[in-house]
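Please read the following note with the sequence and the model side by side. Each numbered point may be checked against the display.

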Amino acid sequence: YPDGVTVIYSLRMAVHAVASPIQGLSSFLENYWCRNQVFRTVQFASGMLSGLLETSYPDVAGKLMIVSGSISEMRVMLRLLDDLPALAYNLQNWKPKKDTGTITRALDILSSISGQLYYPIEHIAWAADSRLVSVNSTRLWTWCICLWGISLLVGLLQAVRTLLRTSRELSELRRSRDSEPSSEGDPGQGGSSSAETSNPIPVPKKRVTFQDQSGAGRASPSTLRKERFLSLLAIVKNVSDLMNAVNWMPEGFLWAKRLSTFWVGLFGTVSSLVGLYKLSG
């Protein structure tokens, strides 16, 4: 039989193994944006399941829609306090950056303006629905969706540009490596005298770079592959949200009001899961 010390040690290890993921999850949920993303995932997943079960189990589907609607209303309430955090973020984002091109800068500003305007208009729409002010909320909600759609389109365009850039740079890296003599080797693999193996250059966002023969900074393949993967996730997220944004526009605009509850929930769930993945990273 194991002695007392061994038993106590085993118990301590078991407690540590259980406490570590709990502590990580607790830290994740303490963050407002992470918690909001969890609620968003549950909201759309409930709607998706409701659409899936509305024919065979209408009672369960109705309860799931109540859960989805309640979470949606709660998230609108929580966003009443998001104006100042968003303004602080946008002011920080509007500061000039040396490594930002004109197009990227213009897209960032457009996204910031549309996002900042979204909040006060949504607040007035919420107040109108709550009968606190005498305003037609339908038009205000339409403006909210338009602003959200602009932000999504900008994010989609930025993600596509990043995808094209990283794919181009990866192709250039592959071509340059194929054209190098076999004796020189690749960076980090024992290459001798090339500048690529000896002169790493730091750039913003912690991108690991190497100098090519022309002296220009070039990101490492692993960094480029990660950027490309994140841009693909951003494309999936923005396209999924755009599907719902168009669906919530007034009838007659593209596919507005044509998506079923299941598809609205599915697109929202996909977008929310991508957001959870990015936040957890």
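1. Basis of the note. The model is predicted, so local features are discussed only at pLDDT of at least 70 and side-chain atom pairs only at pLDDT 80 or more, while totals for chains, interfaces and linings use all residues. Residues are numbered from 1 along each chain as its sequence is written, and side-chain values use heavy atoms, with hydrogens and water left out.

2. Overall build. The chain contains nine helices and three strands. Helices here are DSSP runs of H or I with at least four residues, strands are runs of E with at least two, and both are numbered from the N terminus. In sequence order the pattern is α-α-α-α-α-α-α-β-β-β-α-α.

3. A residue is called buried under 20% relative accessible area, exposed over 50%, and partly exposed in between (1.4 Å probe, protein chains only). Of the 281 residues in the chain, 33% are buried.

4. Contacts along the sequence. A contact means heavy atoms within 4.5 Å. Taking contacts between residues at least 6 apart in sequence, 59% join residues at least 24 apart.

5. Helix α3. This helix covers residues 58-78, and its 21 residues reach 30 Å from the first C-alpha to the last, close to the 30 Å expected at 1.5 Å a residue. The expected span is 1.5 Å times one less than the number of residues. Which residues of α3 are buried? They are A61, L64, S68, I71, R75 and V76. These residues lie on the same side of α3, because they cover an arc of only 140° around the axis. The arc is that of the directions from the helix axis to the C-beta atoms. On the other side of α3, D59, K63, I66 and E73 are exposed. The buried residues of α3 pack against α2 (32-53), α5 (102-129) and α6.

6. Helix α9. The 20 residues of α9 should span 28 Å at 1.5 Å a residue, and the end C-alpha atoms are 28 Å apart, which agrees. The buried residues of α9 include V264, F267, S271 and L276. S271 has a relative accessibility of 0% and counts as buried. With its neighbours within four places in sequence left aside, S271 is in contact with Q37, R40, K237, S240 and D241.

7. Aromatic rings. Rings of Phe, Tyr and Trp (its six-membered ring) pair if their centres lie within 6.5 Å; planes under 30 degrees apart count as stacked, over 60 as edge-to-face and the rest as tilted. The structure has seven aromatic pairs. One of them joins Y32 and W33, and this pair is edge-to-face, with 4.8 Å centre to centre and 75° between the planes. Y32 is partly exposed at 22% relative accessible area, and W33 is partly exposed at 42%.

8. W148 and W248 form a stacked pair, 6.1 Å centre to centre with 20° between the planes. W148 lies in helix α6 (residues 137-179), and W248 lies in the loop between α8 (221-247) and α9 (261-280), 100 residues apart. W148 is partly exposed at 22% relative accessibility, as is W248 at 32%. Together with F44, W148 and W248 form one aromatic cluster.

9. Cysteines. How many disulfides does the chain hold? A disulfide is a pair of cysteine sulfur atoms within 2.5 Å, and by this rule the count is zero. C146 is in no disulfide, as the nearest cysteine sulfur, that of C144, is 9.3 Å away. C146 is partly exposed at 29% relative accessibility, whereas C34 is buried at 8%.

10. Two positions in helices. G115, in helix α5, is partly exposed with a relative accessible area of 23%. L84, in helix α4 (residues 83-93), is exposed at 66% relative accessible area. L84 and Y119 are 35 residues apart in sequence and 9.9 Å apart in space, C-alpha to C-alpha.
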